[in-house]
Amino acid sequence: MSDPGGPLSGMTVLEVGVFMAAPYATMQLADLGARVIKVENPAAPDPVRTTGPFLEGQSSPFARLNRNKESVALDLKAPAGRAAFLRLAADADAVVENLRPGAVRGLGLDYPAVSQVNPGIVYASGSGWGQDGPLAALPGLDIMAQARGGLMSITGTPEGDPAKVGVPVCDLVCGLYLALGVLAALRERDHTGRGQYLDVSLYESAVSLAVWEAGRYFATGEVGHPLGSAHQNQAPYQAVRSADGWVTVGAITTRTWAGLCAALGLDELRDDPRYADAFRRHAARDELIARIEATTSGMPTSRIVELLDAAGVPCAPIADYAEVFTDGHLRERGFFWDAEHPVLGPVRQLGSPMRLSRTPVRRDGAGPVLGADTRAALLAVGYSAREVDDLVAAGAAAVPEA
């Protein structure tokens, strides 16, 4: 197998992942140059493969979430499939999985089993609630983690219906923690030669984001609540009305507050002692925002942004994704790119935010078709061509139809 290059060049990761957390984690590692082998059940592969929209029968989300990976189709319930997985694991640096707690143990492929064939393996498990504790056995999806983890208690508008964050933030943050933890454990292995087990949950990932809320609760006992777009502690830091929509502003320092007042002709606010600092502005936020909006609601968003940009005040219009995905700044920085797919041809990808000066992130292929790399991966760990054919014939492995 050719070396993909990148800062993680030479690392091999096995993924047994479904939906988001593990696949997102290994996408980060693959982008950075790791060889990621996505192991899927031939009869019941990653459900994202059956998630639309579809192009030429291929899942558009799958082609993006699983870029830069290989696909090996093995039936891990079959003894021959488990043996093949262990053969791959013996030659790997890490395993990342996000099946229900206990599932890999039931297959005989948990950390103790894999570490028997590879003592240096780093084995990472993502789950809804963690591998132990009272909630461990319960199913846990992103929205449940957002709910129980407090995020939904502060998201949305006051008196509004419950709202989740618009993206599956717990899945995605759990994935980032999985990737970070794998790299930390591998760094430690560089010194000791020993692998270890990593347990990351969506629930704890959600709670870890409550930096402002924890600072307030543990200091005062005060519990946060939905504030719309407003900041928990400072003002003005939120969306304000314009004549044709909304614009976000963040004038929370002495300089930017003065700049906002000067740019919008609100000198009387700058000189008002009730708004002398961010703490006092926050205490009087409702009244303050009403006074700011008395001016901004008569101006188009573009004019407000023009004035505040010129004054050095942080601001931005609220863009929809059609605007984001065609944004000139992102285009100029080459953020979007096309990955080749054997059926779809070029597939537009979101770029990685990580920009390394010497070892840039990898831009290779789109999410692979099921079993595309089964044969090559097994041959690389010592299977003969006849043995691979026998696995396929027995249903323990699969390759794409000719």
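Helix H1, residues 21-31, is largely enclosed by the rest of the structure, because ten of its eleven residues are buried. The model described here is a predicted one. The buried residues of H1 are Ala-21, Ala-22, Pro-23, Ala-25, Thr-26, Met-27, Gln-28, Leu-29, Ala-30 and Asp-31. Just after the helix, Gly-33 adopts a positive phi of about 110 degrees.

H1 also has a part in the largest pocket, where it supplies the largest share of the lining, five residues. This pocket holds about 1,600 Å³ of space. Its lining consists of 49 residues, and those nearest its centre are Met-20, Tyr-24, Leu-65, Pro-168 and Leu-172. Besides H1, the elements that contribute two or more residues to the lining are helix H2 (60-65), strand S7, helix H8 (169-192), helix H16 (321-324) and strand S13 (345-349).

The chain as a whole gives the setting for these elements. It contains 19 helices and 14 strands, and its C-alpha trace spans about 85 × 45 × 40 Å along the principal axes. Of its 402 residues, 44% count as buried. Among contacts with a separation of 6 or more, 68% are between residues 24 or more positions apart.

The structure has eight aromatic pairs. One of them joins Trp-129 and Tyr-203 in an edge-to-face arrangement, with 5.3 Å from centre to centre and 75 degrees between the planes. Trp-129 is in the loop between strand S7 (122-127) and helix H6 (142-148), while Tyr-203 belongs to helix H9 (residues 202-208); the pair therefore ties together parts that are 74 residues apart in sequence.

A second aromatic pair, formed by Tyr-321 and Phe-325, is stacked, with the centres 5.2 Å apart and 25 degrees between the planes. Tyr-321 is exposed, since its relative accessible area of 54% lies over the 50% limit. Phe-325, with 44%, is partly exposed.

The ring of Trp-129 has the charged end of Arg-148 over it, 5.3 Å from the ring centre. In another such arrangement, the charged end of Arg-87 sits over the ring of Tyr-383, at 4.1 Å from its centre.

Thr-256 lies in helix H11, which covers residues 254-263. Its relative accessible area is 4%, and Thr-256 is therefore buried. What does the side chain of Thr-256 make a polar contact with? The partner is the side chain of Thr-253, at 2.8 Å. Apart from neighbours within four places in sequence, Thr-256 is in contact with Gly-250, Ala-251, Gly-312, Val-313 and Pro-314.

Terms used:
Residues are numbered from 1 along each chain as its sequence is written. This is a predicted model: local features need pLDDT of at least 70, side-chain atom pairs count only at pLDDT 80 or more; totals for chains, interfaces and linings use all residues. Side-chain values use heavy atoms; hydrogens and water are left out. Buried means under 20% relative accessible area, exposed over 50%, partly exposed in between (1.4 Å probe, protein chains only). Helices (H or I, at least four residues) and strands (E, at least two) are DSSP runs, numbered from the N terminus. A polar contact is a pair of N or O atoms within 3.5 Å; within protein, one must be able to donate a hydrogen and the other to accept it, and residues adjacent in sequence count only if both atoms are side-chain atoms. Contact means heavy atoms within 4.5 Å. Rings of Phe, Tyr and Trp (its six-membered ring) pair if their centres lie within 6.5 Å; planes under 30 degrees apart count as stacked, over 60 as edge-to-face and the rest as tilted. A charge sits over a ring if NZ of Lys or CZ of Arg is within 6 Å of the ring centre and within 35 degrees of the ring normal. On a 1 Å grid over the protein atoms alone, a cavity is a set of points where a 1.4 Å probe fits but cannot get out, and a pocket is an open set with protein on both sides within 12 Å along at least five of seven lines; lining residues have an atom within 4 Å of a point. Grid points are joined across faces, edges and corners, and a volume is the space filled by probe spheres set on the points.
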